Structure formats: structure tokens, C-alpha cells
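Colleague: I am new to this structure and would like to go through some of its residues with you. Could we look at it together, one question at a time?

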Amino acid sequence: VQLQASGGGLVQAGGSLTLSCAASGTIFSISVMGWSRQAPGKRREFVAHITSGGSIKYADSVKGRFTISRDNAKNTVYLQMDSLKPEDTAVYYCVGGDGSSWDRHEYYIWGQGTLVTVSS
């Protein structure tokens, strides 16, 4: 399975963007799908996870502002980002993993990144 992320762009602070992650094959068997991001000069960090059963987890920094969803029929994962802040500026990666990824934030599938830039 390959992952293709899209939807990044330039937005003003307070604005919204929706990222999409389309898989080349079925995501039904991928236990944990999610998003990771890397800001300039910083380490890559966890953003959000969603399991095949619908369990969801967010990083504290995005909780209440970002919403992750998963459409197994369309083999697509989404990240709705609202109330964006300049510190959300980063390259966002779509990721897939197994059950251990939930806590370890280590993944066996990575999509190419999509850049999100939030201006102040």
C-alpha cells in the first residue's frame, strides 16, 4: 500500500485546511492510520491516530482544533484542521502502522509529505 497526501497550502492564522491521504490499496487491514508532522528545524511529532475500529487520539497541541477521520470504503484518511496557528506550520505526513504504533508512534508506511504554512 502506498499513501498519497494532499491538501496542504498557505493559510492565515485562524483559518482551516483539510488534508487527505489516499491509499493505493485497502486500508481496512491497517490497524492504525494517522498523521505526523515535522516543523522546520524540529523533530517529527505525532499529530493524530485513528484505528480501524474508530478509536482516535490527538496530540495535546492539536486537541480541539483538528479532527481525524477515516473512510475505509474510499481508502482515505482525512485531517480537518481548524483554528490554525503559525506553530502548526510543518510538513504533514500520512502514516500507517500496527497496534504498537498507537503508543510508540512508529510506523511501517509513510506517505510523502504535504506542506502546511500558517501565516500570522
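Colleague: Does Arg 104 count as buried or exposed?
Modeller: This is a predicted model, in which local features need pLDDT of at least 70 and side-chain atom pairs count only at pLDDT 80 or more, while totals for chains, interfaces and linings use all residues. Residues are numbered from 1 along each chain as its sequence is written, and side-chain values use heavy atoms, with hydrogens and water left out. Buried means under 20% relative accessible area, exposed over 50%, and partly exposed in between (1.4 Å probe, protein chains only). Because its relative accessibility is 53%, Arg 104 counts as exposed.

Colleague: Which residue forms a salt bridge with Arg 104?
Modeller: A salt bridge is a side-chain nitrogen of Lys or Arg within 4 Å of a carboxyl oxygen of Asp or Glu. For Arg 104 the closest N and O atoms of the pair are 3.0 Å apart, and the partner is Glu 106.

Colleague: How many residues apart are Arg 37 and Asp 88?
Modeller: Arg 37 forms a salt bridge with Asp 88, with 3.0 Å between the closest N and O atoms. The pair links distant parts of the chain, since Arg 37 lies in strand S4 and Asp 88 in the loop between strand S8 (76-81) and strand S9 (90-97), and the separation is 51 residues. Strands (E, at least two residues), like helices (H or I, at least four), are DSSP runs numbered from the N terminus.

Colleague: What is the relative accessible area of Arg 37?
Modeller: Both Arg 37 and Asp 88 are buried. For Arg 37, the relative accessible area is 4%.
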